[in-house]
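Have a go at each task before you read its solution.

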Amino acid sequence: MKGMKMLDFSIHRRILGLYERMTRRYRQDACLVKEFLHYLLSTRSLGKFNRVMARSLHIHPNVIDFWLIAVYCEFDMRGSMQASRNILLQGIRRNPDVPEFYFEYLKFELRVLKKLYTRKKLLETKQDVEVIDELQPKAEEEKINGSVPSLIYASSSKSITKLFRLNVDLHLRIKNLVQEYSKIIDTTQLMKEIEEHIDGVLYIERKADMMRHLLSNAEDIDQIQDKVSCFIQKTLPDLESFEVLLNTLKKFEAKPKSKFDA
């Protein structure tokens with residue numbers, strides 16, 4: 001807002017007034033409210049943003065996008081880790097049965113660790129500039145401890161593995177997410193817990209869903225054979241998982257062949 005010309009400021013006030021009237025009249029329109037919030041962030045009208053955000057979370061407590069916008073403001077714009085964490089924990093308390101909130105909370109804690117890692121590397125770089133010892137061998141890069149995400153996933157009384165034990169999509173998404181951060185965060189224990197849950201629970205109690213996931217991105221019969229072999233190494237297929245396999249094979253048989261195919 002600093003340095004805004006008088007004409008620009010009057011236009012800004014006009015836009016704020018229009019958004020305010022529209023969002024109060026159509027308060028159930030989540031898309032309109034999100035557009036208003038994005039405008040407030042783009043113009044750094046943070047005081048107004050806080051009031052509109054508080055109202056939005058009261059009216060739309062189950063819409064995760066509002067919680068994530070609030071986290072973005074606190075974490076990325078204001079740099080407050082604790083305030084961001086409190087927002088996500090409040091969202092979980094308001095939506096204890098929605099897995100997406102737990103996924104975003106785990107993702108947030110991984111982002112926090114990444115930020116700490118970045119700060120640590122900057123400090124080490126400054127120290128290396130001050131004192132350079134070419135004869136001293138460079139130590140192996142130390143990763144940030146990943147115990148907090150592990151606590152969220154499996155080690156607490158309200159962990160993801162206990163609350164959403166059989167949610168195949170959630171656990172597979174978490175596995176992919178953790179792999180993205182494995183280069184800078186020590187995720188050994190967390191990845192072990194994820195794989196143990198997938199192999200020991202999901203491959204046993206959700207065989208059809210696991211078969212469906214494995215075959216979802218198969219592009220030809222050879223890939224299907226490889227994925228089915230991988231499945232059989234984990235568990236024995238049941239009738240429902242066989243049906244998933246047969247339906248997938250039928251889709252490939254139904255595809256029209258190119259004139260160049262042998």
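**Exercise 1: the cavity lining**

The lining of the largest cavity is made up of three nonpolar, three polar and two charged residues. Nonpolar here covers Ala, Val, Leu, Ile, Met, Phe, Trp, Tyr, Cys and Pro, charged covers Asp, Glu, Lys and Arg, and polar is the rest, Gly among them. Before going on: this is a predicted model, where local features need pLDDT of at least 70, side-chain atom pairs count only at pLDDT 80 or more, and totals for chains, interfaces and linings use all residues. Residues are numbered from 1 along each chain as its sequence is written, and side-chain values use heavy atoms, with hydrogens and water left out.

Task: find which residues line the largest cavity, and which helix gives the most to the lining.

Step 1. A cavity is a set of points on a 1 Å grid over the protein atoms alone where a 1.4 Å probe fits but cannot get out, and lining residues have an atom within 4 Å of a point.

Step 2. The residues that pass are Thr23, Arg27, Val33, Val52, Arg55, Ser56, Ile59 and His60.

Step 3. Helix H3 (residues 46-59) comes out on top with four residues; helices are DSSP runs of H or I, at least four residues, numbered from the N terminus.

Step 4. For size, the largest cavity holds about 50 Å³, a volume being the space filled by probe spheres set on the points, which are joined across faces, edges and corners.

**Exercise 2: Thr235**

Task: work out where Thr235 sits, and whether Thr235 is buried or exposed.

Step 1. Look in the loop between helix H12 (221-234) and helix H13 (239-254) for Thr235.

Step 2. Thr235 has a relative accessible area of 8%, so it counts as buried (buried is under 20%, exposed over 50%, partly exposed in between, with a 1.4 Å probe and protein chains only).

Step 3. Leaving out residues up to four places away in sequence, Thr235 touches Tyr203, Ile204 and Lys207, where contact means heavy atoms within 4.5 Å.

Step 4. A polar atom of the Thr235 side chain lies 3.3 Å from the backbone oxygen of Tyr203.

**Exercise 3: Glu219**

Task: is Glu219 buried or exposed, and how many residues separate Glu219 from Phe252 in sequence?

Step 1. Glu219 belongs to the loop between helix H11 (207-215) and H12.

Step 2. Glu219 is exposed, because its relative accessibility is 62%.

Step 3. Glu219 and Phe252 are 33 residues apart in sequence, while their C-alpha atoms are 8.7 Å apart in space.

Terms used:
Helices (H or I, at least four residues) and strands (E, at least two) are DSSP runs, numbered from the N terminus. A polar contact is a pair of N or O atoms within 3.5 Å; within protein, one must be able to donate a hydrogen and the other to accept it, and residues adjacent in sequence count only if both atoms are side-chain atoms. On a 1 Å grid over the protein atoms alone, a cavity is a set of points where a 1.4 Å probe fits but cannot get out, and a pocket is an open set with protein on both sides within 12 Å along at least five of seven lines; lining residues have an atom within 4 Å of a point.
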